[in-house]
Amino acid sequence: NLSDKTIKLWKISERDKRPEGYNLKEDDGRFKDPNNITSLRVPVLIPMDLMVEASPRRVFANAHTYHINSISVNSDNETYLSADDLRINLWHLEITDRSFNIVDIKPANMEELTEVITAAEFHPHQCNTFVYSSSKGTIRLCDMRVSALCDKHSKLFEEPEDPSNRSFFSEIISSISDVKFSHNGRYMMTRDYLSVKIWDLNMESRPVETYQVHEYLRSKLCSLYENDCIFDKFECCWNGNDSVVMTGSYNNFFRMFDRGQRRDVTLEASRENSKPMQVLKPRKVCAGGKRKKDEISVDSLDFNKKILHTAWHPQDNIIAVATTNNLYIFQDKVN
Amino acid sequence: MFPKGTKRKFSDSGEEPVSSGDQSPPAASSAVARTLSSSYSLQRQSLLDMSLIKLQLCHMLVEPNLCRSVLIANTVRQIQEEMTQDGTWQIMTQALAAAQCPADRLVATEVLCRQTDAAAQAGQSPKPFSVVGLEEGYHSEEVVMEGDVETEVTMSTLSPVSPQLSSASYLAGPFGMGPCWEEEEEDGECEEDEEEDSEECVSEGEEGDRDHLSEDSRTGEQVFGTFEIKHPAPPPDPALEELFSDVDPSYYDLDTVLTGMQAAPKMGPYDLLESLSSHGPTTLSSSSSCRSDLNELDHIMEIIVGS
């Protein structure tokens, strides 16, 4: 749980039973008069409505001066990292008052600051490896065995800029908002403002796949800069077998890209437009020209309805999608 | 809203208002004029204005977003670099310098007499940053000069009401910024429908009668000002200190990032914030005429001042 600069570890538990039949207490909690107790009984657990509880278990000392953007638990299940705009710290789950700084990009003179850390994640299998992304569209892979302070990256992933698409907004839209390793640990995915990119960890020069999330926004960048939407940070996620990736967009739309079948779909998370247990209807945005029936034009998109957070169950085809005020859970159509 | 994102293209210069032949400025400036005449440069200017306002607003947040500030600052830097290559930047800084240098000021005699405040003379030195200035953000004024000088110079700035600037939605009206405003006119004349007496100028140290300035926003009162949004190193404004007293010291670093604590020799994006004034970049239509007019006005100034 990231609350700006404090990290808390919570235990989430479900309770669906409660004890009944205490000897010394009434069911409502009042204490019985011991003089009136004439027999003993064993309390029993009886079912109750499911209750989900969250209780804080650890609070990790304030080791961050800037807003935390990522937390990632290591594959060793003992350590985790936390990243803010300028630093990445390494923690032990059991030790709350100490952390080790492993990346620090703060310049001596803050006026020289031109790049910040935007996301970080541990490799799913190699507990010495992690990556972090930047506001300039680069990803650095670091190996903690090399040195205590991972100032020098082992690999630098960066795609050369496309000169034909150059504008004053190029840097802003190249800023990476999320980075996620694939479950098999061979690829990583990055999300920038307009696209999702899949990188092979063995190739630093360019991504192996690029998917356009909402390319129709490219001609609206100035307006999106004006209303600050261009700074929205979208997450992305893999499905369990790394064959499909998903990310959010505006108008409560979210997008899925099937890597193998080269298909993509746009769906909407909205109570008005679909009922529970109803199969979601694919959406289409009309980028220009004549709008077909059922298509939505770019100008009628609601930029206040943004889906920034999405998650995919690690094994099953169940997804969670967060709109501004609601959390939607979707699953595969059950035949 | 803009019809499209700003692209690095120079549009056709058909709207160029001046021919290169009868201007004293060198040919380079007419090439510049061609550039400046394009809607591209207008969009670029608007983008610059918008970015500077955003940077300022970033600064005013209780919990500033560093990533966003850095991205906006980089955008400003990019624009600045491109404008430097165009030569547009030089024109703008010259206009700023002209306005800041007392000798070149276009001031009426009586107003000249009022320039007694030492702060005004200080020109480019940092001035205390008031809380009010903080809230008011960033002022834009349109300055119109005319008089004995035949030409009419429109030093348009980042005025929200300039007809050529298509998007004014983000400039929510005039903001005052900083304490020093002076009124300047050419030979005591000013073109106008303004209510105020042209003599009525905001004296140094006044935040700016906001009302006075609001009326000015349309046309009018020729008000040049040197205002800055920098934190002074010494002495700190007590109101500001209080604002930030319980903030993590690292936020002072952020302040440095956002406001450029000390004047750096080169004009970075943070320096631009400091040198922003009502007489910002000239409009596209009058840029080169403005420049030549500055020369003429300099000449006239010399006569007036008797130097």
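This is a predicted model: local features need pLDDT of at least 70, side-chain atom pairs count only at pLDDT 80 or more; totals for chains, interfaces and linings use all residues.
Okay, so two strands count as a pair if DSSP finds at least two bridges between them. Keep that in your head, because the cut-off of at least two bridges decides what counts as a pair here.

Let's start with strand S18 of chain A, residues 253–258. How many bridges join S18 to S19(A)? There are 6, and the two strands run antiparallel. If you want a spot to look at, find Arg255(A), which stands opposite Thr266(A) in S19(A).

Now zoom out a bit. Those strands belong to an open sheet of 4 strands in chain A, in the order S16-S17-S18-S19, with antiparallel pairing. Which strands are at the edges? That would be S16 (236–238) and S19 (263–268), as each of them pairs on one side only. Neighbouring strands in this sheet are turned by 20° against each other on average, direction ignored.

Next up, charges. Side chains of opposite charge can pair when their charged atoms come close. Searching the whole structure gives 25 salt bridges over all chains. Let me show you a few.

Here's Lys306(A) with Asp232(A): their side chains meet in a salt bridge at 3.0 Å, N to O. Lys306(A) sits in the loop between strands S21 (295–297) and S22 (309–312), while Asp232(A) sits in the loop between helix H2 (221–226) and S16, so the pair ties together parts that are 74 residues apart in sequence. Buried or exposed? Lys306(A) is buried, because its relative accessible area is 18% and the cut-off for buried is under 20%. Asp232(A) is buried as well, at 15%.

Now take Asp28(A) and Arg30(A), where the closest N and O atoms of the salt bridge are 3.1 Å apart. Asp28(A) has 54% relative accessibility, so it counts as exposed, and Arg30(A) counts as exposed at 55%.

Then there's Lys293(A) with Asp294(A), at 4.0 Å between the closest N and O atoms. Lys293(A) is exposed at 73%, whereas Asp294(A) is partly exposed at 45%. Salt bridges can also share partners, and that joins Glu159(A), Asp192(A) and Lys197(A) into one network.

Ser195(A) is in strand S14, residues 195–200, and counts as buried at 5% relative accessibility. Leaving aside neighbours within four places in sequence, the residues in contact with Ser195(A) include Thr190(A), Thr210(A) and Tyr211(A).

That's my tour, thanks!

Note on methods
Residues are numbered from 1 along each chain as its sequence is written. Chains are lettered from A and ligands numbered from 1 in the order in which they are written. Side-chain values use heavy atoms; hydrogens and water are left out. Buried means under 20% relative accessible area, exposed over 50%, partly exposed in between (1.4 Å probe, protein chains only). Contact means heavy atoms within 4.5 Å. Axes are lines fitted to C-alpha atoms, for helices over the stretch in contact, and angles run from 0 to 180 degrees between N-to-C directions.
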